[in-house]
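Please look through the model shown here before reading on. Some questions and answers come after it.

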Amino acid sequence: MKGIITSVFVASLLLITACSDKKEGEVESTTPKVETKNVGDLKIAFYDQDSLKVYFDYYREQDSIVTKKQLGFQNEVQRRTTELQNYLVKNDERARSGLLSQNEILQIQQVAQQKEASLMQYQQTEGAKLEEETYNKLEAIGNKIELFAKKYCEENGIDILMIYAKGGQFNYINSSMDVTKEFTTYLNDQQKSLAEDIKK
């Protein structure tokens with residue numbers, strides 16, 4: 001038992017001695033030991049994200065497909081809504097004129113509820129499908145841009161390729177670093193080449 005107490009005492013003494021090596025009031029350094037690098041030779045460029053949406057053909061094509069489907073969806077929702085409203089107005093007029101029995105009014109109410117439920121179901125189901133398709137298309141576009149951007153940088157010796165967008169993180173970037181036109185042309189060429197390879 002004395003041996004255990006002695007061992008614990010010796011260990012505590014060693015710990016106290018090790019901690020006391022630090023001078024009183026001395027603060028530990030929080031500076032990370034990271035190797036610094038000269039960034040003077042970095043080649044940095046940027047492209048305008050909004051211009052990409054206009055001049056990258058693949059982006060425009062996919063956006064056009066989604067926009068057309070969204071418009072079709074909105075038109076169908078409007079058509080069904082108008083149909084339901086017309087049905088209610090027409091039968092409300094008949095009911096006010098005393099042309100409907102109590103039984104017929106109940107049947108009309110049931111039909112109206114079914115039409116309303118069908119409309120809501122359509123909005124939820126088709127709306128969710130459209131949202132998912134839009135997300136997938138945007139993800140595919142993003143993946144292409146990322147892949148082509150890497151190749152573009154490797155081919156042109158660019159170390160950093162930034163994205164400039166209105167309201168983004170950069171308020172100003174020197175226009176001499178703008179490669180939007182060249183990068184967009186490169187994207188279109190790569191996409192065209194990719195499409196041709198698929199056809200073969």
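This is a predicted model: local features need pLDDT of at least 70, side-chain atom pairs count only at pLDDT 80 or more; totals for chains, interfaces and linings use all residues.

Residues are numbered from 1 along each chain as its sequence is written, and side-chain values use heavy atoms, with hydrogens and water left out.

Reader: What span does helix H4 reach from its first C-alpha to its last?
Author: Helices are DSSP runs (H or I, at least four residues), and strands are too (E, at least two), numbered from the N terminus. H4 covers residues 102-156, which is 55 residues. The expected span is 1.5 Å times one less than the number of residues.

Reader: Which kind of aromatic pair do Phe73 and Tyr122 form?
Author: Rings of Phe, Tyr and Trp (its six-membered ring) pair if their centres lie within 6.5 Å; planes under 30 degrees apart are stacked, over 60 edge-to-face, and the rest tilted. The centres of Phe73 and Tyr122 are 5.7 Å apart and the planes are at 25°, so the pair is stacked.

Reader: Is Phe46 buried or exposed?
Author: Buried means under 20% relative accessible area, exposed over 50%, and partly exposed in between (1.4 Å probe, protein chains only). Phe46 has 6% relative accessibility, so Phe46 counts as buried.

Reader: Which residue lies over the face of Tyr122?
Author: A charge sits over a ring if NZ of Lys or CZ of Arg is within 6 Å of the ring centre and within 35 degrees of the ring normal. At 4.2 Å from the ring centre of Tyr122, the residue is Arg80.
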